[in-house]
Amino acid sequence: MTKEQIIQNFDPSQPGLADATIFGLPFSAEQSEIIIIPVPWEVTVSYGSGASEGPNAILDASFQVDLNHQEFPELWKLGMYFAEIPDSWSTNSEKYKKLAQPIIEALEAGENIETFPALLEDLHKINKVCRELHTEVKEKVLYWMNQGKKVVLLGGDHSTPLGYYEALATKHDNFGILHLDAHMDLRIAYEGFTYSHASIMYNALQIPQISKIVQVGIRDFCEQEVGVVKNENGRVLIHTDADLKAENFEGKTWAKQCDEIIASLPQKVCISFDIDGMLPWYSPNTGTPVPGGFSFEQATYLFNKLASSGKEIIGFDLVEVAPGENDDWDGNVGARMLFHMCGVLAKNNGMKTGNRITFQRK
């Protein structure tokens with residue numbers, strides 16, 4: 001059937017199709033406007049684990065998401081497709097994560113890795129395989145971009161979008177990153193791992209096409225990261241959670257704060273959303289939770305304002321969703337945030353997502 005015929009015969013009010021792609025949608029990759037690339041990877045995890053299971057947890061939860069979104073009621077008609085990926089991504093994540101743990105344990109015990117040849121060799125192996133992953137992600141992203149698709153990345157830990165940013169940099173000579181997170185992620189080769197999840201934004205700064213990173217919700221950082229911010233001379237702007245909350249308490253609205261955040265971004269923007277940027281009850285099983293944060297609605301409000309600001313959203317990543325052992329809450333939140341972010345991306349890029357649904361309240 002053609003895509004038009006599928007739309008006519010599909011009932012979005014019924015449960016999502018179990019044998020379909022993400023959100024229970026009946027479209028093929030070729031028929032879908034948005035391609036979601038899952039990257040189940042967490043080799044350098046340094047605290048809680050589980051981020052590699054995030055993409056499948058979100059996929060499973062997505063079948064329970066109602067498709068008649070208030071902001072984007074016709075988003076589902078565009079099609080979103082959960083891309084197939086190499087099995088090696090999952091197997092290598094598990095394999096090299098095991099190699100990384102003795103290195104982390106030795107460092108935590110105050111040991112010098114240089115005096116342990118076997119651990120040093122493993123460290124080099126890990127850095128090599130992480131670089132190979134980023135190259136493969138970049139190639140896969142570019143494949144779909146060259147098919148005319150909008151491509152987004154679904155982690156995995158926060159190291160996973162580096163190849164995605166590199167792919168965007170081949171298409172755009174100047175763009176910024178709107179980075180929502182509890183952490184700056186500006187550590188240099190954290191624990192010796194060049195591509196650590198805690199080093200993603202430092203590594204992004206090595207991409208010359210990224211002209212600015214604006215961080216929102218930050219509430220945990222080290223001295224080295226503060227030094228990186230200062231050395232970048234305005235290329236990295238920080239909105240800590242404490243500063244944002246203090247301004248709220250003194251009368252500045254979230255709407256005003258969003259306007260200021262958006263105004264500081266360049267014309268083209270990629271969103272990077274670490275789920276731990278939100279209040280911890282939204283993602284209780286994420287790897288490095290920190291008290292404080294913003295609500296689901298604050299995040300979506302910021303994204304909506306960005307979409308209507310005149311700036312161009314060129315992509316986004318959503319990372320660090322980790323499912324609980326016996327509950328699917330984290331995946332549930334992640335699936336709904338993913339759906340909303342796809343709507344923001346689509347609307348901003350002129351795709352037909354329908355008119356916002358309003359209700360009479362008197």
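This is a predicted model: local features need pLDDT of at least 70, side-chain atom pairs count only at pLDDT 80 or more; totals for chains, interfaces and linings use all residues.
Reader: How many disulfides does the structure hold?
Author: A disulfide is a covalent bond between the sulfur atoms of two cysteines. To count here, two cysteine sulfur atoms must lie within 2.5 Å. Going by that cut-off, the number of disulfides in the structure is zero.

Reader: Why is cysteine 130 too far for a bond, and which cysteine has the sulfur closest to it?
Author: Cysteine 130 is buried, with a relative accessible area of 2%. The gap from its sulfur to the closest cysteine sulfur is 20 Å, so that is too far for a bond. The cysteine at the other end of that gap is cysteine 222.

Reader: And what about cysteine 342, how far away is the nearest cysteine sulfur?
Author: Cysteine 342 isn't in a disulfide either. The nearest cysteine sulfur belongs to cysteine 270, and the distance is 13 Å.

Reader: Is cysteine 222 buried or exposed?
Author: You'll find cysteine 222 in the loop between β5 (210-218) and α7 (223-231). Its C-alpha atom is 8.0 Å from that of arginine 187, and the two are 35 residues apart along the chain. Buried means under 20% relative accessible area. Cysteine 222 comes in at 17%, so it counts as buried.

Reader: Which side chain makes a polar contact with the side chain of aspartate 317?
Author: Aspartate 317 sits in strand β8 (residues 312-319). It's buried yet has no salt bridge, with the nearest side chain of opposite charge, arginine 131, 14 Å away. Leaving aside neighbours within four places in sequence, its contacts include His158, Tyr164, Phe273 and Met341. The polar contact, at 2.7 Å, is with the side chain of tyrosine 165.

Reader: Where does histidine 197 lie, and what is its relative accessible area?
Author: Look in the loop between β4 (175-180) and α6 (200-204) for histidine 197. Not counting residues up to four places away in sequence, histidine 197 touches Thr44, Asp157, His158 and Glu320, among others. Histidine 197 is buried, and its relative accessible area is 10%.

Reader: How many bridges join β5 to strand β6?
Author: β5 is mostly covered, with seven of its nine residues buried. It pairs with β4 in the parallel sense over six bridges, and phenylalanine 175 stands opposite isoleucine 210 in β5. Isoleucine 218 stands opposite threonine 240 in β6. β5 and β6 (residues 236-240) also run parallel, and the number of bridges joining them is five.

Definitions and conventions
Residues are numbered from 1 along each chain as its sequence is written. Side-chain values use heavy atoms; hydrogens and water are left out. Helices (H or I, at least four residues) and strands (E, at least two) are DSSP runs, numbered from the N terminus. Buried means under 20% relative accessible area, exposed over 50%, partly exposed in between (1.4 Å probe, protein chains only). Lys and Arg count as positive and Asp and Glu as negative; His and the chain ends are not counted. A salt bridge is a side-chain nitrogen of Lys or Arg within 4 Å of a carboxyl oxygen of Asp or Glu. A polar contact is a pair of N or O atoms within 3.5 Å; within protein, one must be able to donate a hydrogen and the other to accept it, and residues adjacent in sequence count only if both atoms are side-chain atoms. Contact means heavy atoms within 4.5 Å. Two strands pair if DSSP finds at least two bridges between them.
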